[in-house]
Amino acid sequence: MAATPKAAAPQTVQERLYASTLALNGGRYDEAISHLRLVRDEDPDNDHALYMLAVAHAQRGEHAESIAHLERAIALNPENRALAR
């Protein structure tokens with residue numbers, strides 16, 4: 001019986017954003033945050049990643065972190081304010 005190939009770890013910003021979306025939707029907040037931190041490190045002004053970090057931290061009840069990420073996401077892209085509502 002052949003082993004199932006393990007999915008390759010996401011390598012690009014887009015792959016990490018996609019993987020973090022799947023993790024968030026699946027309730028795997030730690031996994032989502034780890035992908036999103038890599039995106040933030042590579043692209044500190046990625047407002048989408050910052051918004052998703054805000055969501056993930058909010059789901060974990062980490063409100064201070066959530067608000068900090070949300071404020072930065074809105075500063076970078078005011079459209080995020082509408083998403084936050």
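R16 has a relative accessible area of 11%, so it is buried; buried means under 20%, exposed over 50%, and partly exposed in between, with a 1.4 Å probe and protein chains only. This is a predicted model, where local features need pLDDT of at least 70, side-chain atom pairs count only at pLDDT 80 or more, and totals for chains, interfaces and linings use all residues. Residues are numbered from 1 along each chain as its sequence is written, and side-chain values use heavy atoms, with hydrogens and water left out.

R16 sits in helix α1; helices are DSSP runs of H or I, at least four residues, numbered from the N terminus. Leaving aside residues up to four places away in sequence, R16 touches P10, Q11, H35, L38, V39 and E42, a contact being heavy atoms within 4.5 Å.

Now the pairs. A salt bridge here is a side-chain nitrogen of Lys or Arg within 4 Å of a carboxyl oxygen of Asp or Glu, and the count by this rule is six. One of them joins R16 and E42, at 3.0 Å from N to O. R16 is in helix α1 and E42 in helix α2, so this pair ties together parts that are 26 residues apart in sequence.

Next, D30 and R60, with the closest N and O atoms 2.1 Å apart. D30 lies in helix α2 and R60 in the loop between α3 and α4, so parts 30 residues apart in sequence are tied together. D30 is exposed at 53%, and R60 is partly exposed at 32%.

R60 also meets E62, at 3.0 Å. E62 is partly exposed, at 22%. Through shared partners, D30, R60 and E62 form one network.

Notes:
Helices (H or I, at least four residues) and strands (E, at least two) are DSSP runs, numbered from the N terminus.
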